Amino acid sequence: MSAAEKPPFEGASTLEGSPPLLHVAIVMDGNGRWAKQRGLPRSLGHRAGVEALKRTVSAAPKLGIGWLTVFGFSTENWSRPAAEVAELMALPKRYFESDIARLEREGVRVRVIGRRAGLSSELVRLVDDAQARTDHNRLFNLNIAFNYGGQADITDAARRFAEEVAAGRRAPQDLDEALFGGFLATAGSPPPDVIVRPSGEQRLSNFLLWEAAYAEFVFQDVLWPDYGEDHLKAALAEFATRDRRYGAVVADDVLAAG
Ligand code: IPE
Ligand code: MG
């Protein structure tokens, strides 16, 4: 069965009678600057970043968030020095070793989105195990983007669709936005409502390019290793002030114009 034929994942916000839950996506940025400010090696900034992730994951469900997608390692991060790449590659192990049992117990469904090619076989095993152990969970969804790039993911999705066509299972005219979305790594997750970037940078850096179509952006002046519940609350408060129209006009303006 192709990715596009899988039934949509029924996550937390589709539970009947419950208020819609938010999908928050975060570009975890500023680890290096955090370390530099303290005269520490960048590796310690990345390790402190894992602690910030733990705080954020525990805070999110209490704040009405049902999906959290975090950017851990981009397809462009391979161009960093080898020692730093090795440190970043070791972070999922560090995170899962300390937290996977708790995530499993607390109803968190973990997905790692991104290319498997390039990851060590040990890391792939670890990721597969974390996903398998939490696959039945429905209370909260944690997507970890690792070896992920928006352009790479769109390209991979296009290739998979082309393969379906070449195999005679699809025709070019079948393709529409919904079908295409089913070939992406994020298939089954709703699009992000808000994309948060700490550290002061104001760019998307190849994160969720397709999925960001109607996301709100919140930029926060805090380095990721310092991030926690209060910052997440502040991001949601800012998001709550936004007027989302999805390209339409608000009803009051239609009436006023008429
Ligand atoms: C985020 O922190 C971690 C990754 C991008 C993998 P950075 O390492 O980008 O930290 P800065 O931007 O140098 O401060
Ligand atoms: Mg950075």
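Tutor: Directly following helix H4, Gly107 adopts a positive phi of about 85 degrees. The model is predicted: local features need pLDDT of at least 70 and side-chain atom pairs pLDDT 80 or more, while totals for chains, interfaces and linings use all residues. Residues are numbered from 1 along each chain as its sequence is written, chains are lettered from A and ligands numbered from 1 in the order in which they are written, and side-chain values use heavy atoms, without hydrogens and water.

Helices (H or I, at least four residues) and strands (E, at least two) are DSSP runs numbered from the N terminus. H4 comprises 15 residues, 91-105, and spans 21 Å from first C-alpha to last, close to the 21 Å expected at 1.5 Å a residue; that expectation is 1.5 Å times one less than the number of residues. H4 also has a kink of about 60 degrees centred on Asp99, the bend being the angle between axes fitted to the seven residues ending there and the seven starting there.

The buried residues of H4 are Leu91, Pro92, Tyr95, Phe96, Asp99, Ile100 and Leu103. Buried means under 20% relative accessible area, exposed over 50%, and partly exposed in between, with a 1.4 Å probe and protein chains only. These residues pack against helices H2 (42-59), H3 (82-89) and H5 (121-134), and against strands S3 (108-113) and S4 (140-148); contact means heavy atoms within 4.5 Å.

Two of them, Tyr95 and Phe96, are among the residues that touch the most other members of the largest nonpolar core, which has 43 residues. Such a core is a set of buried Ala, Val, Leu, Ile, Met, Phe, Trp, Tyr and Cys residues joined through side-chain atoms within 4.5 Å. Apart from this core lies another, of eleven residues, including Ala25 and Ile113. In soluble globular proteins, nonpolar side chains tend to be buried together.

Helices H2 and H3 are also joined by a charged pair. Arg42 forms a salt bridge with Glu84, their closest N and O atoms being 2.9 Å apart; a salt bridge is a side-chain nitrogen of Lys or Arg within 4 Å of a carboxyl oxygen of Asp or Glu. Arg42 belongs to H2 and Glu84 to H3, so the pair links parts of the chain 42 residues apart. Arg42 is partly exposed, at 38% relative accessible area, whereas Glu84 is buried, at 11%. The structure holds 27 salt bridges.
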